[in-house]
Amino acid sequence: HERPFLKRRSVFMPLALPDSLLKTDGTWTGGEDRILFVCPNIDQIDYYRRIYLRFREELGSFPYWVAGRQDLAGVDAPLSTQDASILGYIARERLDELLRRCFCMFYHSQEPRHLHYHPLEAIATGMPLVYMAGGLLEPLGGPDQPGMCRSYDEAREKIARLRDGDATLREAIRASQKAILDHFEPERCSRAWRENFLPLVKEGCR
């Protein structure tokens with residue numbers, strides 16, 4: 001996606017997930033009637049403010065928690081204090097609890113070349129992830145992921161089914177989304193480094 005000067009010199013060196021995260025598989029239990037949504041800096045950054053408002057407009061009829069640091073310095077009438085479901089910064093232990101207990105996570109991003117960390121955390125714990133098509137998760141997971149949605153109407157329908165206890169959909173999402181984590185498996189990533197990076201090092205040392 002770069003100009004030819006950089007494109008000819010590009011090297012693919014993927015980042016792996018840590019073992020501490022990969023070992024959380026199977027810790028999700030559900031039991032809390034909330035969607036987990038992550039959106040920081042709602043009052044400081046207009047990009048995130050619009051994401052939050054779209055989420056609330058489209059999916060606000062469901063109970064939810066919004067995690068993510070909220071910096072309120074210099075903000076008049078902050079929006080993030082008007083919604084009791086916005087948790088702001090929370091300790092790691094509390095986030096781990098939400099990842100185990102909330103009935104699903106919704107991931108909004110349709111950025112084709114950027115991926116946040118928290119949807120991978122959800123997948124690693126076994127939490128059902130409902131996400132929008134068009135983002136980086138689509139090529140990573142493939143076109144047939146049952147948690148992927150091409151419209152907010154579809155997302156609303158799937159979230160409602162999960163909330164109502166649709167075990168068939170829940171387990172289909174949980175089983176299929178593991179394929180996304182394969183791209184971040186340490187051995188797979190280290191193999192790419194050996195194949196793509198080490199030859200350049202050896203060539204440069206000659």
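I take two strands as paired if DSSP finds at least two bridges between them. Helices (H or I, at least four residues) and strands (E, at least two) are DSSP runs, numbered from the N terminus.

The model is predicted: local features need pLDDT of at least 70, side-chain atom pairs count only at pLDDT 80 or more, and totals for chains, interfaces and linings use all residues. Residues are numbered from 1 along each chain as its sequence is written, and side-chain values use heavy atoms, with hydrogens and water left out.

Entry 1, strand S5. Strand S6 (residues 148-149) runs parallel to S5 and is joined to it by two bridges; Met148 in S6 is the bridge partner of Tyr131. Strand S4 (residues 102-107) also pairs with S5 in the parallel sense, over three bridges, and there Met105 stands opposite Leu129. Between S4 and S5 the chain passes through helix H5 (residues 118-125) in a right-handed β-α-β crossover, that is, clockwise from the first strand over the helix to the second with the strands pointing away from the viewer.

I located Glu111 in the loop between S4 and H5. Glu111 counts as partly exposed because its relative accessibility is 32%. Beyond its neighbours within four places in sequence, Glu111 is in contact (heavy atoms within 4.5 Å) with Tyr47, Gly134, Gly135 and Leu136.

Technical notes: Buried means under 20% relative accessible area, exposed over 50%, partly exposed in between (1.4 Å probe, protein chains only).
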